[in-house]
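Work through the exercises below with the sequence and the coordinates open. Each task is followed by a solution in steps.

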Amino acid sequence: SPWQPLVGGRSPPLRPLSVPLKLQFAAFPSASSRTALSMNSYGLMSPGTGFTTAAAPSTLGGGLLRRQCVRDITPMARIPRVPGRPPPPPRPEGERRIRRKEFVSGFTLGIALAVAGYEVGPSMRMYPTARDVPESLIRQQGWISGVVETVPDGDGFRLTHTPLVSISLNLPRPFGSLGDPSKRRLSERTISVRLYGVDAPEIGKFGHTNQPFAVESKKYLESQILGKKVQVQTLSRDQYGRIIGRVKVGMWPFRSDPSEGLLKEGLAEVYKGRGAQYAGNEARLEGYEDTAKRAAKGMWSQGAKRVSPGEYKRALREEAAAARVKKATTTVAN
């Protein structure tokens with residue numbers, strides 16, 4: 001065979017070759033047809049090819065087959081495409097632009113939803129107690145909503161958190177505080193909230209007497225929020241773990257702020273103790289307090305006999321400390 005490699009590096013005498021050569025043109029003369037050309041080494045066409053061409057004889061020398069063809073090919077017939085799956089039609093330019101816009105819109109929407117979920121996600125979760133409220137929400141001074149369950153005194157209450165959209169599954173579980181929410185203790189299923197900016201007269205506990213106007217303050221707060229749905233802006237957390245919150249009751253533009261109402265009625269004073277929060281309304285709250293003082297409303301009607309809630313609690317702490325010292329001294333003496 002003339003395709004076998006030469007032995008000894010010598011070329012045999014030149015002789016005509018009758019090696020059929022087939023040239024396939026996938027894109028000539030058009031992209032939808034194939035053209036085939038068969039010729040022998042003298043440039044003669046094989047029967048039935050339908051082409052005319054001129055070619056120089058191919059020679060074999062030095063182990064290399066040299067073919068020179070004159071690129072003057074005139075197609076006379078076409079071989080039809082082999083039956084099969086046709087290529088997909090080209091996509092119109094308008095459809096390409098629409099697909100691109102759909103991708104950009106979907107990508108942008110996904111980013112927006114991710115950011116919104118990160119921002120509002122904490123306010124959509126269900127928080128059973130005050131310790132479950134995340135610090136991130138408090139740092140952002142975000143809002144939570146709920147129904148007020150009980151009012152223990154004039155400046156605090158407990159509410160059941162009811163977010164607009166809850167993403168937590170409150171499934172019944174058989175053990176302890178994870179059981180049915182309606183059967184849990186109030187402290188295990190409600191958030192303890194202290195009103196911002198105010199200090200109301202103290203309700204007597206552990207055998208102590210009530211401060212003057214303490215019951216009136218409690219009754220006023222019950223009339224404003226008990227059993228109602230309220231919005232609470234989480235400002236901070238006090239030393240007892242309660243949420244210090246700014247409370248809004250009712251629908252705009254008829255919303256009310258219980259802290260402002262207590263000050264107007266003379267049933268509380270502006271809180272000046274540790275960790276006081278005013279949500280930027282300190283001047284307005286002090287104005288309501290001054291108005292009640294001048295009108296001698298509520299606890300301001302006592303005049304010089306009035307004891308502030310702060311002084312009353314300080315006296316109770318000192319009394320409790322003195323009782324502990326006395327008990328310890330008696331134990332050592334015995």
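The exercises go from the whole chain to single residues, and the model is a predicted one.

**Exercise 1. The chain as a whole**

Task: State how many helices and strands the protein chain has, and what share of its residues is buried.

Solution: 
- Step 1. The secondary structure consists of 7 helices and 13 strands.
- Step 2. Of the 334 residues in the protein chain, 31% are buried.
- Step 3. The protein chain exposes about 22000 Å², and 58% of this area comes from carbon and sulfur atoms.
- Step 4. Take the contacts between residues at least 6 apart in sequence: 62% of them join residues at least 24 apart.

**Exercise 2. I138 and its surroundings**

Task: Locate I138, decide whether I138 is buried or exposed, and list its contacts beyond four places in sequence.

Solution: 
- Step 1. I138 is part of helix 2.
- Step 2. The relative accessibility of I138 is 6%. The cut-off for buried is under 20%, so I138 counts as buried.
- Step 3. With neighbours within four places left aside, I138 contacts V133, T234, L235, S236, R237 and I243.

**Exercise 3. Backbone angles in loops**

Task: Examine the phi angles of Q141 and A296, then the peptide bond from W252 to P253.

Solution: 
- Step 1. Q141 is not a glycine, but its phi is positive, about 55 degrees. Q141 belongs to the loop between helix 2 (135–139) and strand 7 (143–153).
- Step 2. Q141 has a relative accessible area of 32%, so Q141 is partly exposed.
- Step 3. A296, also a residue other than glycine, has a positive phi near 55 degrees. The loop that holds A296 runs between helix 6 (282–294) and helix 7 (309–333).
- Step 4. A296 has 40% relative accessibility and therefore counts as partly exposed.
- Step 5. The bond from W252 to P253 is cis, its omega being near 10 degrees. P253 is found in the loop between strand 12 (243–249) and helix 5 (258–264).

**Exercise 4. Rings and charges**

Task: Find how many aromatic pairs the structure has, and which rings lie under the charged ends of R194 and K264.

Solution: 
- Step 1. A search of the whole structure returns 0 aromatic pairs.
- Step 2. R194 places its charged end over the ring of Y271, 4.8 Å from the ring centre.
- Step 3. For K264, the ring is that of Y288, with the charged end 4.7 Å from its centre.

Methods: Residues are numbered from 1 along each chain as its sequence is written. This is a predicted model: local features need pLDDT of at least 70, side-chain atom pairs count only at pLDDT 80 or more; totals for chains, interfaces and linings use all residues. Side-chain values use heavy atoms; hydrogens and water are left out. Helices (H or I, at least four residues) and strands (E, at least two) are DSSP runs, numbered from the N terminus. Buried means under 20% relative accessible area, exposed over 50%, partly exposed in between (1.4 Å probe, protein chains only). Contact means heavy atoms within 4.5 Å. Accessible areas come from the Shrake-Rupley method with a 1.4 Å probe; for residues, only the protein chains shown count as cover. Rings of Phe, Tyr and Trp (its six-membered ring) pair if their centres lie within 6.5 Å; planes under 30 degrees apart count as stacked, over 60 as edge-to-face and the rest as tilted. A charge sits over a ring if NZ of Lys or CZ of Arg is within 6 Å of the ring centre and within 35 degrees of the ring normal.
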